[in-house]
Amino acid sequence: MMKKLWIISLILLGVAGCSEEFKVSTYHVDDDQQEIETLTKVFKDNQNLSEAAAVFFDHQLVVSVQVQQMSKFKKEKIRKSIEKKVKSAFPDHDVYVSSDLKITWELKKIIDEQPTTDELKKDLKKVKALAKEET
Amino acid sequence: MDAESYQKTVDQIAPKRPVLLNCMKAFLTGGIICAIGQLVSFVFMYFFSFTERTASNPSVATMVFLSMVLTGFGIYKKIGQFGGAGSAVPVTGFGNAVISAAIEHKSEGFILGVGVNMFKLAGPVIVYGVFSAFVVALIKTILVKMGVISW
Amino acid sequence: MIVSVIIAFIVGGLVCVIGQLLFDVAKLTPAHTLSLMVVIGSVLDGFGLYEPFIDFAGAGATIPITSFGNSLTHGALQEAEKHGFIGVLTGMFEVTSSGISAAIIFGVIAAILFKSKGKVS
């Protein structure tokens, strides 16, 4: 009986952990607030996200989203729907959307460091190569 | 005494397996092993360039390495006595089966002992894993070619 | 991140409970149980259910032996998608090798390093 209570409380803890504040971090080289707002709106429209990060650079847009624990079964579907929406919102950008935690970490690192254009180019290339790796 | 009543007597005399207790032990042991695996994969993601997807391979290898150390010092056997399926089902149990067989048959030489006996216990897992993967993939490929389902 | 570890603990634990029930209630031997679980993993991947399970549970899905059947099937399906029927045969070990190769390598190393302490189970 104690065991059951313990498990239930753990699950509750897990659920509580998911409903934390939704965070969006972005970095735009040209600091175009309007574009950032458009993107943030796409994220806010999806109820399943817990965190999002995005980097704009020279008509490239690399996005990573973290899905709430209870929605993780549908992670790939959610990623695809976000990708579709972002692509239609930014038709002139080369859009890449990932749902991998590592990519979120890397993008947040970039956002924290605010690197110069040359470094950013290299970093984004690295992130994209990482995300495309399979298995 | 016919077969049926014999079985009844055996059931009465033989100690009843404490199923619930065993399940709790298995849950605890297996859960801890998987939680360690999750931590290991976070380490690979944080300090090396592995993604969530690619981190699982090095994590599995690391868990097998841990299993080697524990098996070599005879600790995994004790975990197995406590955890039952909780220690057998995770990949560490697979590693333990291979590694303990390798150590045990060392005295018969490295080819005839270690090489021959290594997969004595773990062999069925590989054999039926590969065979069922073949069947499943074959059926799915046929269904896709026939246009019943898509990838 | 803590949530992921807890989920891995719970889900991995539950998979092991299924194994224990196969031991105790269905009275299967460990070899039968593990073979059955690998087959289950492989069938689940055939229906495309194992990848979402990994997305949800992380190591709770990749550490149990069921993931072994999943990665074998996944490799075969990936190759089949590219090369048709030949891929079914050739793709099998594409994804999965790490568990088996690690077991072989560490098995030989263990045989060199450690001495047998009587009967090892």
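Chain C is built from helices: there are seven of them, and zero strands. This is a predicted model, so read what follows as a description of computed coordinates.

**Chain C on its own**

- Following the sequence of chain C, the order of elements reads α-α-α-α-α-α-α.
- Taking the contacts in chain C with a separation of 6 or more, 58% come from residues 24 or more positions apart.

**The domains of chain B**

- Chain B splits into domain 1, covering 3–120, and domain 2, covering 122–151.
- The centres of domain 1 and domain 2 of chain B, taken over C-alpha atoms, are 26 Å apart.
- Where these two parts of chain B touch, five residues of domain 1 are in contact with four residues of domain 2.
- On the domain 1 side of that contact in chain B, four residues are nonpolar, one is charged and none is polar.

**Where chains B and C meet**

- Chain B brings 67 residues to the contact, and chain C brings 64.
- Six helices of chain B each supply at least two residues of the side that touches chain C: helix 2 (19–47), helix 3 (56–72), helix 4 (75–83), helix 5 (85–88), helix 6 (91–104) and helix 8 (123–145).
- Which helix of chain B gives the most to the side that touches chain C? Helix 2 does, with 18 residues.
- By class, the side of chain B that touches chain C holds 40 nonpolar, 22 polar and five charged residues.

**One helix pair across the contact**

- Helix 8 of chain B packs against helix 5 (residues 66–83) of chain C at an angle of about 40°, and their axes lie 8 Å apart.
- The crossing of helix 8 of chain B and helix 5 of chain C is right-handed.
- From helix 8 of chain B, the residues making this contact include B:Val125, B:Gly129, B:Val130, B:Ala133, B:Phe134, B:Ala137 and B:Lys140.
- From helix 5 of chain C, the partners are C:Phe68, C:Gly69, C:Leu72, C:Thr73, C:Ala76, C:Leu77 and C:Ala80.
- Sorted by class, the contact of helix 8 of chain B with helix 5 of chain C has 11 nonpolar, five polar and one charged residues.

How values were computed: Residues numbered from 1 in each chain as written. Chains lettered and ligands numbered in written order. Predicted model: local features only at pLDDT ≥ 70, side-chain atom pairs only at ≥ 80, totals over all residues. Domains from an automatic or database assignment. Contact = placed C-beta atoms within 7 Å. Nonpolar A, V, L, I, M, F, W, Y, C, P; charged D, E, K, R; others polar. Helix = DSSP H or I, 4+ residues; strand = E, 2+ residues; numbered from the N terminus. Axes fitted to C-alpha atoms, helices over the stretch in contact; angles between N-to-C directions. Left-handed = near helix turned anticlockwise from the far one by under 90°.
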